[in-house]
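Welcome! Take a look at the model first, then work through them in order.

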Amino acid sequence: MNDTHGADPMNGTGFIGLGNMGGRITRRLVEAGHSVLGYDPAAGAAERAGATPAADVAEVARENDLVLLSLPDSRAVEAVVLGEDGVLAHARPGQIVVDLSTAAPDSTRRIAAALAGRDARYLDAGISGGAAGAEKGVLTLMVGGEEQALDQARPTLTAFAAKIFHMGPSGTGHSAKLLNNFLNAVSLAATSEVMVAARKAGLDLRTLLDVLNSSSGANWATANRFPHIVEGDYLEGGLTSTLMTKDVILYVDHLRALGVPSLNSAGPLASFGLAANLGYADQISNRVVDAIGDITGGVRLHDEPEGTVTT
């Protein structure tokens with residue numbers, strides 16, 4: 001086992017998927033004294049996160065009792081867990097796999113059942129807080145799965161999460177994540193539209209934000225995003241427009257499975273789809289405001305230095 005600091009309640013911590021979020025979370029774990037064996041197909045990702053690099057997924061699964069995943073979607077999670085020489089192939093009694101991805105609850109439940117067949121436990125742990133929250137170690141986790149397994153993993157999870165909520169059985173963590181992300185998408189897309197309109201109307205944007213945040217239009221975007229965006233800081237490093245679109249589609253699929261009509265999904269799907277098609281696909285989803293600005297005659301919320309070219 002790879003943990004030598006005595007910080008883990010289990011024997012060893014492994015991490016698969018060291019991208020925008022996974023890399024930041026791994027760094028927090030390392031800074032908290034956990035020795036992490038990490039794998040990502042991108043060269044140097046483990047080293048940049050402070051982890052010991054693993055040769056492949058199989059090595060991470062073999063060497064650790066606690067394995068964390070941070071992957072783009074259910075297809076990637078299924079490939080890593082259920083694929084040939086994946087996590088399931090090396091699962092064993094007592095092992096806990098924590099999926100920090102945003103994924104489809106139906107897929108999550110299938111994976112949990114497969115791992116349970118090997119007496120291993122699967123926790124679906126949706127994340128809220130973004131890149132900034134990961135760097136500060138103050139993420140919120142909404143977790144589905146066995147509460148006893150969560151209690152075992154909790155001492156490790158607290159290295160990067162300030163709040164951990166047990167939502168219920170397998171799938172409920174990812175369900176809560178999809179519901180939260182949808183509201184996030186709605187507020188970001190709608191506030192972007194309003195702020196572009198305010199710029200066109202000649203309003204002082206900083207004053208308008210003060211008004212909104214003291215009024216019924218207040219939301220996470222008005223309070224935490226746009227005070228930075230109007231200064232030209234897009235808070236880079238978080239959820240991209242492509243991933244936001246994926247999350248809204250997952251939400252719509254989830255509601256269809258639940259038999260609930262999704263009457264408000266067209267707005268964010270159109271907004272983030274627009275951003276993706278105008279060149280912002282792999283940039284932070286906050287750039288949706290620039291996409292709306294682009295089709296409004298090149299509007300920007302902030303004054304750019306002369307000669308600046310916006311892409």
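This is a predicted model, in which local features need pLDDT of at least 70, side-chain atom pairs count only at pLDDT 80 or more, and totals for chains, interfaces and linings use all residues. Residues are numbered from 1 along each chain as its sequence is written, and side-chain values use heavy atoms, with hydrogens and water left out.

**Exercise 1.** Find where Asp151 and Arg154 lie, and say how they pair.

Solution. Start with the position: both residues sit in helix 7 (residues 147-157), three residues apart, about one turn of the helix. (Helices, H or I, of at least four residues and strands, E, of at least two are DSSP runs, numbered from the N terminus.) Next, the contact: Asp151 forms a salt bridge with Arg154, with 3.8 Å between the closest N and O atoms. A salt bridge is a side-chain nitrogen of Lys or Arg within 4 Å of a carboxyl oxygen of Asp or Glu. Last, accessibility: Asp151 is partly exposed at 43%, and Arg154 is partly exposed at 26%. Buried means under 20% relative accessible area, exposed over 50%, partly exposed in between (1.4 Å probe, protein chains only).

**Exercise 2.** Which parts does the salt bridge of Arg92 and Asp65 tie together?

Solution. The two side chains meet at 3.1 Å, N to O. Arg92 lies in the loop between helix 4 (74-82) and strand 5 (96-99), and Asp65 in the loop between helix 3 (57-63) and strand 4 (66-69), so the pair links parts 27 residues apart in sequence. Asp65 is buried, at 15% relative accessibility.

**Exercise 3.** Are Asp247 and Lys246 buried or exposed?

Solution. Their side chains meet in a salt bridge of 2.8 Å, N to O. Both residues are buried.
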